[in-house]
Amino acid sequence: MLPTVDFCGLKMTRLLIGANPFGGFSHQNQARDIAMKTWSTPERIIETWGRAYAAGINTFISNNETPHVIQTVEKYLKEGGLLQWVAQLSNRNFPSMEATIDRALEIGAKAVFFHGGIVDDLYSKRDAKTLQAWVEHAKSKGVPVGVAGHAPVTHYWVDSLNLVDFHMVCFFDCGSLHAGKGDKFHLADIFPAAECCRKIQKPCIAYKIMGAGRIDAAMAFEFAFQNIKPGDVVNVGMHRGDKDNIVEENVA
């Protein structure tokens, strides 16, 4: 197994495998989205998780709303899959965020966090009351709860409220996509994002460290691990449709 940390009570490897490629969220172009989603059959997703575990990763992150992905998560965990699931939550397909949390835990999530676009919106409205209600519901179920966010200002606001257990910090401020402005990836974003991980005392998961495939992997890993806290971890989506051994290469 890769080096691990105590992440809010979970034994977690410092590299996690993400799932944006499985759902066709390339953050590159529509043709790339379609190619990723088409390749990512349930059988290939489960095979990828198996190879991640064999290579030394013990945790995966996936959203709760892409139909074929969440169905695969449920099948994988029901059949004894060895990776632990950290769930990214959106309530767009549920009557409430509380119902969303309950369903993720029913499937088998070991920790949950709220989608970055949703948390960015709460920050824009300074709606601490709603976030507090969601967090209290999740914590009442006994699981670690966190937030994602696409810009450091979102995380500093949440951190000031002292509500959550961990933060999912995006290395690129690409929340522009959720604001209807398209994907924007500016290299200068990574420096304040890494600083945010260091300044926030609670554990952080750094994501989009490669700018959705725009940065050399070895360079991105080196920068991320040199600039986040020793107890922080990194989440990376891995598309085996590009390179069959990409999981093992990333672990190495």
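Where is Arg240 found? Arg240 sits in the loop that runs between β10, residues 233–237, and α11, residues 246–251. Before going on, a reminder that this is a predicted model.

Let me stay with Arg240 for a minute. Its relative accessibility is 6%, and the cut-off for buried is under 20%, so Arg240 counts as buried. What does Arg240 touch, once residues up to four places away in sequence are set aside? The list is Trp39, Arg44, Glu47, Thr48, Arg51, Ile246 and Val247. One of these, Glu47, also makes a polar contact with Arg240, side chain to side chain, at 3.3 Å. A second polar contact goes from the side chain of Arg240 to the side chain of Asp244, at 2.9 Å. For a sense of distance, take Lys141, which is 99 residues from Arg240 along the chain. The C-alpha atoms of that pair are separated by 35 Å.

Next, a helix pair. Helix α3 covers residues 42–55 and helix α4 covers residues 67–78. Their axes come within 10 Å of each other and cross at roughly 55°. That angle makes α3 oblique to α4. The crossing of α3 past α4 is right-handed. Which residues meet there? From α3 they are Pro42, Ile45, Ile46 and Trp49. On the α4 side they are His68, Val69, Thr72, Val73, Lys75 and Tyr76. Sorted by type, the residues of this contact come out as 7 nonpolar, 2 polar and 1 charged.

His27 lies in the loop between α1, residues 20–23, and α2, residues 30–39. Is His27 buried or exposed? With a relative accessible area of 11%, His27 is buried, because the limit is under 20%. The side chain of His27 is joined to the side chain of Lys208 by a polar contact of 3.5 Å.

The other position is Gly231, in the loop between α10, residues 217–227, and β10. Gly231 has a relative accessible area of 30%, and so it is partly exposed. Leaving out neighbours within four places in sequence, Gly231 is in contact with Val5 and Phe7.

Definitions and conventions: Residues numbered from 1 in each chain as written. Predicted model: local features only at pLDDT ≥ 70, side-chain atom pairs only at ≥ 80, totals over all residues. Heavy atoms only, no water. Axes fitted to C-alpha atoms, helices over the stretch in contact; angles between N-to-C directions. Helix = DSSP H or I, 4+ residues; strand = E, 2+ residues; numbered from the N terminus. Parallel < 35°, antiparallel > 145°, perpendicular 65-115°, else oblique. Left-handed = near helix turned anticlockwise from the far one by under 90°. Contact = heavy atoms within 4.5 Å. Nonpolar A, V, L, I, M, F, W, Y, C, P; charged D, E, K, R; others polar. Buried < 20%, exposed > 50% of the residue type's maximum accessible area, 1.4 Å probe, protein only. Polar contact = N/O pair within 3.5 Å; in protein donor to acceptor, adjacent residues only side chain to side chain.
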